[in-house]
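Biologist: Could you walk me through how to read charge pairs and hidden spaces in a model like this one?

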Amino acid sequence: MRHLMSPLDFSVEELDALLDLANDIEAHPQKYAHACAGKKLATCFYEPSTRTRLSFEAAMLNLGGSVLGFSSADSSSAAKGESVSDTIRVISCYADICAMRHPKEGAPLVASQKSLIPVINAGDGGHQHPTQTLTDLLTIRSLRGELGNLTIGLCGDLKFGRTVHSLINALIRYPGIRFVLISPEELRIPSYIREDVLTANGIPFTEMERLEDAMADLDILYMTRVQRERFFNEEDYVRLKDFYILTKSKMALAKKDMLVLHPLPRVNEISVEVDDDPRAAYFRQAQYGVYVRMALILTLLEITVD
Ligand code: CP
């Protein structure tokens with residue numbers, strides 16, 4: 001039995017196969033419409049979510065399966081003090097696979113160690129968000145044609161943004177990847193990513209504060225929200241929340257084929273005037289999230305479709 005805790009749980013070859021499957025699902029949805037008939041997905045979300053939970057549920061429904069779960073700790077027995085280990089033992093009696101989001105780093109890993117069914121990390125604190133990374137990889141590969149030979153600007157809250165940490169870990173395995181890390185001083189990438197991942201693997205990167213200075217070089221601009229829920233005080237959040245706002249005038253500095261990605265939700269960091277720009281790919285990205293989660297469910301349940 002396999003779980004998914006980090007994008008590195010899959011080899012590059014396995015990732016390619018998963019993305020190929022997602023592309024086939026996109027092209028031939030009817031072929032997969034009953035692939036999970038009789039199977040159940042549990043969504044155990046101890047933290048708020050729109051995209052991840054609902055795209056998992058849409059994915060299982062598209063595969064002909066069923067869904068059950070809870071969308072907040074308050075509406076589960078966690079509110080009475082139940083541990084994730086006990087919860088997953090019980091969920092294992094009710095479902096065939098579980099997607100879990102938790103505010104504590106490592107909670108889905110703890111659950112996976114006690115689980116009798118595959119567990120998917122649907123975001124754990126400021127740590128990892130591997131299914132967002134699968135979504136990002138599918139979006140980039142589908143719209144750019146390849147995952148290598150790209151200059152990727154990561155902009156915003158690089159300290160707490162778990163999607164950024166997961167994406168860096170995944171992309172360094174492809175050739176010709178270069179990062180431009182754009183953040184205010186207080187929200188710089190953590191040293192365990194800068195030193196232990198980028199420097200240790202010889203990946204070229206630069207760090208800067210001004211988005212305008214980076215725009216002309218980028219093939220992908222990955223915008224992120226300032227993660228209010230991870231700040232220790234509101235004053236710091238208020239000071240930093242509008243540090244970056246992507247506008248039409250900044251987009252004018254970018255390449256004609258640059259793509260703008262964002263894991264969403266957006267707060268204020270991309271002006272709505274950018275939404276009509278053909279380079280704005282963040283809503284297409286949300287759609288790719290359904291296909292890739294369908295592919296992931298099939299892969300972890302070891303279901304093949306001829
Ligand atoms: N991208 C993402 O994780 O969104 P949600 O928090 O809405 O699931």
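Modeller: Happy to. Let's begin with a cluster of charges: Glu185, Arg188, Arg194, Glu195 and Glu207 are joined in a network of salt bridges. Keep in mind that this is a predicted model.

Biologist: What is the general idea behind such pairs, and what does the count of salt bridges come to here?

Modeller: In general, side chains of opposite charge can pair when their charged atoms come close. In this model the count comes to 18 salt bridges.

Biologist: Which residue forms a salt bridge with arginine 239?

Modeller: That's glutamate 186, with the closest N and O atoms 2.6 Å apart. The pair links distant parts of the chain, 53 residues apart: arginine 239 sits in helix H9 (residues 234-240), and glutamate 186 in the loop between strand E6 (177-182) and helix H7 (191-199). Arginine 239 has 48% relative accessibility, so it counts as partly exposed. Glutamate 186, at 37%, is partly exposed too.

Biologist: And what does glutamate 14 pair with?

Modeller: Glutamate 14 forms a salt bridge with arginine 2, and their closest N and O atoms are 2.8 Å apart. Here glutamate 14 belongs to helix H1 (residues 12-27), while arginine 2 is in the segment before H1, 12 residues apart. Glutamate 14 is partly exposed at 32% relative accessibility, and arginine 2 is partly exposed at 33%.

Biologist: Now arginine 279: is it buried or exposed?

Modeller: Buried, because its relative accessible area is 13% and the cut-off for buried is under 20%. Its side chain meets that of aspartate 277 in a salt bridge, 2.9 Å from N to O. Aspartate 277 is buried as well, with a relative accessible area of 18%.

Biologist: Where does the largest cavity lie relative to the domains?

Modeller: Between domain 1 (7-126 + 289-300) and domain 2 (130-286), because both give residues to its lining.

Key: Residues numbered from 1 in each chain as written. Predicted model: local features only at pLDDT ≥ 70, side-chain atom pairs only at ≥ 80, totals over all residues. Heavy atoms only, no water. Domains from an automatic or database assignment. Salt bridge = Lys/Arg side-chain N within 4 Å of Asp/Glu carboxyl O. Helix = DSSP H or I, 4+ residues; strand = E, 2+ residues; numbered from the N terminus. Buried < 20%, exposed > 50% of the residue type's maximum accessible area, 1.4 Å probe, protein only.
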